[in-house]
Amino acid sequence: MSKAAREKPCHLADNVRNTWRNMQETPPTRKDKFAVLKDYFGYTEFRPGQEAVINAILAGRDALAVMPTGAGKSLCYQIPALLLNGLTVVISPLISLMKDQVNALREAGVRSASLNSSLSHEEYAATMKLLYRGDCDILYIAPERLLKENFLQIQQKMQSMSQGGEDSQKITLVVIDEAHCISQWGHDFRPSYLHIAEFIKTLDQRPVIAAFTATLKVKEDILSILFLKEPFVITTGFDRQNLYFEVRKPKSKSAALLDYVQRNRNKSGIVYCNTRKTVEDVWETLSDRNFAAAKYHAGLEDAERHENQDDFLYDRKTIMVATNAFGMGIDKSNVSFVIHYNMPKNIESYYQEAGRAGRDGEPAECVLFYSGRDVRINEFLITHSNDEEAPADEALVQHNLELLKLMTWYATGTDCLRSRLLNYFGENAPSFCGNCSNCNTLFENVNITIEAQKLVSCVLRLEQRGRRFGKTMIIDIVRGGKNEKIRNFHLDTLSTYGIMKDSSSRRTRLILDFLIEQGYLALNAGEFPVVCPSARSGEIAFERKNVRMMLPKEEMPKKSAEASLPIQEFDEVLFEKLRDLRKTIAQDAGVPSYIVFSDAALRDMCRKKPVDKREFLLISGVGEIKMEKYGDIFTSLIRGYRETVN
Ligand SMILES: Nc1ncnc2c1ncn2[C@@H]1O[C@H](COP(=O)(O)OP(=O)(O)OP(=O)(O)O)[C@@H](O)[C@H]1O
Ligand SMILES: [Mg+2]
Ligand SMILES: [Zn+2]
């Protein structure tokens, strides 16, 4: 049975509702991957890695793709699904995620459905009917259901009802999305993912298996637990050039947040917090000041969580305040900022969460609000497993503390933030990207030999007196602070007391952080980490080693993402009109706006101002189906607009 189902042109509201029905009556045509890319998804070029994965799957090879959040993993299996005969089964961990994907696919004219516990009797029966008739190309399924459904029987029924070739009655491709859920070392372990291999064995013919994840560290686990056969493995570049990275150390996080959202009114964004309580507090702060904010955490009732998520997805609320429970696989493409109100436990999680910004390729900002307290809380969480049945495994604790250290260095370091992230994922990157807060603060290369000697000798002197203190205290001592602790411990009698009184506390802290990071001093982990000498302290104190570091120049203006990325001109007024039209269409169809068109597609319309369907098809994000469905209504709006402005 063919994959290239076409819809006949018809008019708007009906149009959207009828798509599904019409698609099932359409004639077969065979296409190639570029035609499918344009006709269904409206894009003309593949993103890095996509084509290679598609080729491998089409050649009948298993595949494992590790690609960052928002890189475009879905197309890597959706395109083969449309080109291969037979059914593609996609195992996906979250119901909301399936719903979103199926909506978007149907909107693009792809015959897809889902099986999960949220379906009513009728919906379930309707899905089964589609499957039996061979009228479904992509089936999303929750892992828990794999062994519950009788796929052998489904295949037999498909056989008896199908008129296509032999393969069309088979499951030809099994996709494991968010494949890191299979590993206990991953951050979202789902025991039911362990049944996938068993499920595949129940099929009479082994399908091609393709796994996708954004998490690098569980690659080996995925390969072995899924029994992939000589797979094609690819890890694509982790750089997302449209994302601007920034770390702030605000005195008041809530004031900084309010200031940020005020300046970014009307933009959609996510604020991640580390606890439910913080989510509640931040949400309240925003709501009190009339910002349209939704909240999401595991402590809310299911119904409320869903409603809040939809408020955000459907643009009824522009800001989502959430714990890390929110967001996996959600493809809301117009998220313009992701603020981390608290520092996450590791770079992997940070990058995945921050990566939910700018999925449409438009400039977007990822801002981390850092405070030392976040580090201590994370340390506490890592070292105190709250699961009494399974006390924390010592090796895992150490491993996680190491990861936390890397995250902390990202937040406190002074070199290019993007290069830090990319280095973490094993990629080489230039030391200056020009699109992160560190690069944009303009650094200068400073000789800090003398300051390093002062700090290290202060720590050594304290050690001689049998005392160790945290970073803040060390800074206070060298800057000649007068707090009670200093007096009580007679620290003002140290020879190093006050020797850096002319250095600002910020600068002193940056240098101290640098010395710890470079291993000239050590920071021992614990609830109250203290600075202590390291094996390399002597290089500074006795060998008088020359040390340089990049330090920010004082008082340089900060460039934002918008200033640092060239934005092509476009017409704001027209953009608003297009947005309104999109909203009406989306409301009519009961889908989120971004399912109809992404902001990026609307922007492209503003730039190219297409006046007929032929021109409309040149817009990025417009495929055949959407051209037929929306071409007339959008181009007539644009024509009308052009007449009024000319
Ligand atoms: N070749 C392409 N050209 C333009 N846009 C694309 C292309 N491929 C994918 N996209 C867009 O990129 C966005 C992200 O894609 P997708 O949801 O597949 O990301 P992902 O890799 O699965 O991320 P996550 O790990 O968060 O699930 C989508 O809005 C999609 O339409
Ligand atoms: Mg995805
Ligand atoms: Zn940079």
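In this predicted model, helix α2 (residues 33-41) and helix α4 have axes that come within 10 Å and cross at roughly 105°. That angle falls between 65 and 115 degrees, which means α2 is roughly perpendicular to α4.

**Where the two helices meet**
- On the α2 side, the contact involves Lys33, Val36, Leu37, Tyr40 and Phe41.
- Their partners in α4 are Leu75, Ile79, Leu82 and Leu83.
- By type, the residues of this contact are 8 nonpolar, no polar and 1 charged.

- In soluble globular proteins, nonpolar side chains tend to be buried together.
- Here the largest nonpolar core has 88 residues, and Ile57, Val90, Leu139, Ile141, Leu173, Ala210 and Ala211 have the most contacts inside it.
- Another core, of 55 residues, lies apart from it, with Ala294, Val321, Ile339 and Phe369 among its members.
- Leaving aside residues up to four places away in sequence, Ile141 touches Val89, Val90, Ile91, Ser114, Leu115 and Leu146.

**Two positive phi values to look at**
- Most residues other than glycine have a negative phi.
- Glu178, not a glycine, has a positive phi of about 50°, and is found in the loop between β5 (171-176) and α8 (196-202).
- Glu178 is buried because 24 other C-beta atoms lie within 10 Å.
- Arg544 also has a positive phi, near 55°, and sits in the loop between α22 (537-541) and β17 (548-552).
- Arg544 has 12 other C-beta atoms within 10 Å, so Arg544 is exposed.

Key: Residues are numbered from 1 along each chain as its sequence is written. Chains are lettered from A and ligands numbered from 1 in the order in which they are written. This is a predicted model: local features need pLDDT of at least 70, side-chain atom pairs count only at pLDDT 80 or more; totals for chains, interfaces and linings use all residues. A nonpolar core is a set of buried Ala, Val, Leu, Ile, Met, Phe, Trp, Tyr and Cys residues joined through C-beta atoms within 7 Å. A residue is buried if 20 or more other C-beta atoms lie within 10 Å of its own, exposed if 12 or fewer, and partly exposed in between; C-beta atoms are placed from the backbone. Two residues are in contact if their C-beta atoms, placed from the backbone, lie within 7 Å. Axes are lines fitted to C-alpha atoms, for helices over the stretch in contact, and angles run from 0 to 180 degrees between N-to-C directions. Helices (H or I, at least four residues) and strands (E, at least two) are DSSP runs, numbered from the N terminus. Angles under 35 degrees count as roughly parallel, over 145 as roughly antiparallel, 65 to 115 as roughly perpendicular and the rest as oblique. Ala, Val, Leu, Ile, Met, Phe, Trp, Tyr, Cys and Pro count as nonpolar, Asp, Glu, Lys and Arg as charged, and the others, Gly among them, as polar.
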